[in-house]
Amino acid sequence: MKPLLRSREALVTLLLVLLVVVTGLFNPNFFKPDSIVEIFNASLTLVLISLGEMFVILTRGIDVSVGATAGLAAVVLGTTLNLGWPVGAAALAAVAAGTLAGALNAFGVTFLRVPPIIMTLGTLGIYRGLMRIITGGSWIENLPQSIKEPNLWSFLGVPFFVWLTLALLALTAFVTLRVRLARYFYAVGDNEAGAYLLGLPVRWTQFAAYTLAGTFAALAAIVFTSQIGFVSMNAADGFELKAIAANVLGGVSLTGGVGTPVGAAIGALFLTAVHSMLIFLGVPGIWDNAFAGIILLVVVYVDYRVRSALELQRRQARIRGDAGGGA
Amino acid sequence: MKWTRYLRSWEFALFVLLLLELAVLGLVNPVFFNLENLLYSTLDFTHILFAALPLTLVIITAGIDISGVSVMGLASITLGLVWVAGVNVFVALAVALLVGVLAGAFNGFFVSRTDVNPLVITLGTLFMFAGLAQGMPALLDKLGFKAYGSAGLAAYQYEGITGLPDAFIALTEGSLGVVPYPFLAVLFFALVLSLLLHKTRFGRYLYLIGVNPKAAAYSGVPIRRVLVWAYVLSGFGAALAGVMLTSYFTSARADLGGDALLPIITAVVLGGADILGGSGTILGTLLAGMILGFLRQGLLALGVTNDLIQVVVGSLLILAMAAKQLLHVYGEYRLKRKALSSKDGR
């Protein structure tokens, strides 16, 4: 039981399974494969944005501009598509725009030394403003069929984008666990001064984190644009806060150096699933936010209590051990 | 010697910047030289000041409270619902402020009792308070209590709770001479908070907690109580902002103030508060908030669109911070050089 409680991923997965079972008992329709696939499908945007955000949080930073970055990338995608660009080129342009937006955050944080929350709060305003300036404030509609097509592809009854996101998740999980360069994110977040003294490229690691956050936000933009088929001016509004909440839920610590991609993805899935479950339980959608907030608070509070209890136990064990050794 | 210190302070720089800004705006558009117009235009941003002023105290303790934007909506909808229930509107106003205090106490409780980052906690309550504000009217409707006024639920969703009494609307329409009541209230609020921050033990504790919480704990500062009060004040300020907006827009809505987060934090940070804690003043926040508010008004008057203003404000925030950081680095460098050369001299 103890190792289970120690891992936030396990705690949240348990909670998720519990909620699914309870919802299923009230409404058996919830157990149908279709509804499960639907939840996965709906969670993709948040999963992708949260994965990007994870890199930043691992380095002990914060990025509150990822939602706006996704919005901006979606506008670039929509605009280039309507200019007649082929899907591949438009998608590349969107990814480039997102990456560039991330790199601008990175530049401000690492080289201008602006505190991350200030830098990204500033760019949040800038990117949202740019979005509306590019489009003149109107939605981008009448997108070509070619962008909506990938959303319809499926394999074994599971949509293409779900596979794609799973593949990305697996890749990220493997890289952060096994590739030396990716371990730098953890080292820098856990102990920046220590990482510096070890000769790690601290600034460039932080730079990479913010840039990746932008890239992932752009990928999310491509997915949701394909899913809904138009770009609204409120696209991905508020996702920056949801992505942070997803990471915290999934055990990525804001104090840096702790967390896994799988955790971040589970957190994002959880937040999306809450929305679907409320619908299946017949609770109006306006209660979404309230539930998300309460769950976040409960999880971090329980986590805190568990950690304190474990710490106390560890100390007591040490005192007993020391006393024994001295006698 | 002593008075030159004031001339070199960040607040003085902000004051000069404010005067310069008003002069430039006035030259471009003479409307800004009309004192009555100028003061009247503060109505568009007093809610930012109400929320930003007490947030300064929280940021000084190295904390943050982003739930204020939701507290605004929650206070507004509370006021509306209590009034619809048949209670005098000023009693409803008091209840709304009480809700703000309770919301702040809730934040303060979690922040002071756990080691969880305040950003996470107030992020949770940001969602929770917004959800409560959005859900309450529909819930009351389900319970058979017609909570949204005579116009029906559909009308409520469109325009909020309307038809509030004139006496309540007069709170923002009225003025003392040329100074609108809300601006007067902001100045009074700033004065009280300023005295609290700079002239009381509580205020000194806030700085100490922000600079070094361990030292504060070892010197017997009641950290938990001080933190709770800081967040309570922040909740109260946000509720004041919500009430003010309700009167100004003549309707109680759950989504009031949703887009105020960026300007609120910009005002505090531009005002000189360090997001890492330990520094900041009420006067700085007040001046920075006014600079930003008038800048917005001025740009709007020049025909600049809201979208571009967002870009300008965002850039300004980043540039101001970058300049401050670079000056700081340069200052450290100079100090080191000085230390080195004085060593050589000996």
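Guide: Gladly, starting with a definition: the radius of gyration is taken over C-alpha atoms, and the globule rule is 2.2 Å times the number of residues to the power 0.38. This is a predicted model, in which local features need pLDDT of at least 70 and side-chain atom pairs count only at pLDDT 80 or more, while totals for chains, interfaces and linings use all residues. Residues are numbered from 1 along each chain as its sequence is written, with chains lettered from A and ligands numbered from 1 in the order in which they are written.

Visitor: What radius of gyration does chain A have?

Guide: Along its principal axes, the C-alpha trace of chain A spans about 80 × 55 × 35 Å. For 327 residues the rule puts a compact globule near 20 Å, and chain A agrees with that, at 21 Å.

Visitor: How many helices does chain A have?

Guide: Helices (H or I, at least four residues) and strands (E, at least two) are DSSP runs, numbered from the N terminus. On that basis chain A has two strands, and its helices number 14.

Visitor: Which share of the residues in chain A is buried?

Guide: A residue is buried if 20 or more other C-beta atoms lie within 10 Å of its own, exposed if 12 or fewer, and partly exposed in between, with C-beta atoms placed from the backbone. Of the 327 residues in chain A, the buried share is 49%.

Visitor: Why is helix α12 of chain A largely enclosed by the rest of the structure?

Guide: The helix covers residues 239–249 of chain A. Its buried residues include A:F239, A:E240, A:K242 and A:N247. Helix α12 of chain A is largely enclosed because its buried residues number ten of the eleven.

Visitor: Is B:L19 buried or exposed?

Guide: B:L19 is found in helix α2 (residues 10–28) of chain B. Its C-alpha atom is separated by 8.9 Å from that of B:I291, 272 residues apart along the chain. Because B:L19 has 11 C-beta neighbours inside 10 Å, it counts as exposed.

Visitor: Which element gives the most to the side of chain B that touches chain A?

Guide: Two residues are in contact if their C-beta atoms, placed from the backbone, lie within 7 Å. The contact takes 41 residues from chain A and 37 residues from chain B. On the chain B side, α7 (118–142), α14 (261–270) and α16 (306–345) each give two or more residues. With 15 residues, the element that gives the most is α7(B).

Visitor: How many residues does the largest nonpolar core have?

Guide: A nonpolar core is a set of buried Ala, Val, Leu, Ile, Met, Phe, Trp, Tyr and Cys residues joined through C-beta atoms within 7 Å. Among those with the most contacts inside the largest one are A:A70, A:A94 and A:A221. A:A221 touches A:A73, A:L77 and A:A236, among others, not counting residues up to four places away in sequence. The number of residues in this core is 206.

Visitor: Which helix supplies the largest share of the side of domain 1 of chain B that touches domain 2 of chain B?

Guide: Chain B is divided into domain 1 (31–304) and domain 2 (305–346), with bounds from an automatic or database domain assignment. Nine residues of domain 1 of chain B are in contact with eight residues of domain 2 of chain B. On the domain 1 side, α14 and α15 (282–301) of chain B each supply at least two residues. The largest share, five residues, comes from α14(B).
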